[in-house]
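Subject: Structure handover

Hello,

Here is the structure we discussed. Please load it first, then read my notes below.

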Amino acid sequence: MEFSLWEYLCGGGGGQALPWPALALAAAVALALAALAFAAGRRQAPVYLLDFVAARPDDSWSHSRAQIEAAGEASKFFSQETFDFQRKVLYASGLGNETYSPDWLHSFPQDTSIAKGRLEFSMLALTATRELFERTGVSPADVGVVVVNSSVFCPTPSLAAMVMNHFKMAPDTIHFNLGGMGCAASPIAIDCARQALAVKRNTYALVLSTEVITQGVYTGTQRSMLVPNVLFRSGGAAMLLTNKPSEARRSKYVLRHLVRTAVMADDAAYGAAVEMEDDAGIKGIKLSRELPRIAASALQLNLAQLGPKVLPWSEKLRFAANWSARRLLRRADLKPYRPDLQKAAAHICIHTGGKAVIDGIKGELSLSDATCEPSRAALYRYGNTSSSSLWYVLSYIESFRGSAAATACCSWRSARASSRGAAPAPAPAADKAMGRVPSLADIARREKDQA
């Protein structure tokens, strides 16, 4: 005869029935195990940054400030007044003497065609991606997600399609092409990849952040649209993320938190950087004079969300005590307490938008000179590389300070440090990527000598 499990437990099989307390306990344990299994299935797998490459353009693209001046003067595009303005911005911007831009922008007439734009993308982003695959040993066929961001240059077929075609990726690869999102696009691309990895398990996500400057040259006279000519330089970065548990040990970082703050409802923020035509119909990008202030304010809103997730309890308690004294005890004489973000992360990556941007964020967040040094050094060496600039800053940190926790508007923690108990040695490839990056003392000395 056959008996069901329930009949056996109740004694229907001729044996002695289990006591009801034991039966209830068994049922409770079974339900608990089922709940744990359900929760484990719903819990998002950690997202690891396996490695990244900040592209170093070919040395033939390196141009000194004197060469840039000579090219601008030879172009005959600019009046003496306009030329003098750009020269003034160049020397006050914090850019050094070895930044990169394509050769075809330094000969006249300039070639700003779509073909040259694609060539610039290929020489930066595709080269960085190829190096990333070689360094990690991951095959392009194993990549399940591709996210590319380029704000101004958005051709058809898309740059994401160009990447997939070049590396012959699988037809089921999820791919996104982000445009028009400016210098903040790289964390947005990381977030996009993170969400895609939540859907597609046990795979890799390739993220490419770049800004093609070939089609961004402005030849008019409006000063707010001339500034990008001076600040922006060629650069790009390739990042390989994964949710594969087997890759946790050799990954550089694990993504702990990512916070996005949208301030487009504010008219001043919405108009901070606009692609447009001037009164003469010449296309360019207009940068608002209020951009450093707007960036600092947006960062404060972002950190209001990120701070509680990363700040130590000591800073949270100080903030709570200050808030209570001001609000509950009505201590109007007390200034609002500003938590020290430097106690939440070993390093902070500031976008290299220019000297004014770094100074503005430094003052807004009360950061030390040492905290801002990597951003100043990356700005000096590479200029404003738009969305990829954070990865040049992180390359500097790895080259000169070793890998550790880092914060931008997303919080990364060293995966190797957490799994092995100590931060790893600086990556040799980061030294190659950063090249001859000076320290803050070197920058000060060079600027003094040149003055």
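**Helix α13 and its neighbours**

The axes of α13 and helix α14 (residues 389-401) approach within 9 Å and cross at roughly 115 degrees. Axes here are lines fitted to C-alpha atoms, for helices over the stretch in contact, with angles from 0 to 180 degrees between N-to-C directions. Helices (H or I, at least four residues) and strands (E, at least two) are DSSP runs, numbered from the N terminus. The crossing of α13 with α14 is right-handed.

On the α13 side, the contact residues are A370, E373, P374, S375, A377, A378 and Y382. They meet Y392, V393, Y396, I397 and R401 in α14. Contact means heavy atoms within 4.5 Å. By class, this contact has 9 nonpolar, 1 polar and 2 charged residues. Ala, Val, Leu, Ile, Met, Phe, Trp, Tyr, Cys and Pro count as nonpolar, Asp, Glu, Lys and Arg as charged, and the others, Gly among them, as polar.

Before you go on: this is a predicted model, where local features need pLDDT of at least 70, side-chain atom pairs count only at pLDDT 80 or more, and totals for chains, interfaces and linings use all residues. Residues are numbered from 1 along each chain as its sequence is written, and side-chain values use heavy atoms, with hydrogens and water left out.

Helix α13 (residues 369-382) also meets helix α12 (residues 355-365). Their axes come within 11 Å and cross at roughly 165 degrees. That makes α12 roughly antiparallel to α13 (under 35 degrees is roughly parallel, over 145 roughly antiparallel, 65 to 115 roughly perpendicular, the rest oblique). This crossing of α12 and α13 is right-handed. K355, I358, D359 and K362 in α12 touch D369, C372, S375, R376 and L379 in α13. The contact of α12 with α13 splits into 3 nonpolar, 1 polar and 5 charged residues.

The loop between α12 and α13 holds S366. Phi of S366 is near 55 degrees, a positive value in a residue other than glycine.

**Helices α5 and α6**

Helix α5 (residues 114-136) and helix α6 (residues 159-167) have axes that come within 11 Å and cross at roughly 50 degrees. So α5 is oblique to α6. The crossing of α5 and α6 is right-handed. Residues R118, F121, S122, L126, T129, R130 and F133 of α5 meet L159, M162, V163, H166 and F167 of α6. The α5 and α6 contact has 7 nonpolar, 3 polar and 2 charged residues.

P157 sits in the loop between β4 (143-149) and α6. The T156 to P157 peptide bond is cis, with omega near -5 degrees.

**A hairpin**

Strands β9 (residues 273-277) and β10 (residues 283-287) run antiparallel, joined by 5 bridges. Pairing needs at least two bridges found by DSSP. E275 stands opposite I285 in β10. The hairpin has 5 residues between its strands, and G281 in the turn has a positive phi of about 85 degrees.

**Confidence**

The average pLDDT is 82, and 80% of the residues score at least 70. pLDDT is the predictor's confidence in each residue, from 0 to 100. Over residues 417-437 pLDDT stays under 50. The model has 44 contacts beyond four places in sequence for that stretch. Where pLDDT is low, the predicted coordinates should not be read in detail.

Best regards

Note on methods: A crossing is left-handed if the near helix is turned anticlockwise from the far one by less than a right angle, and right-handed if clockwise.
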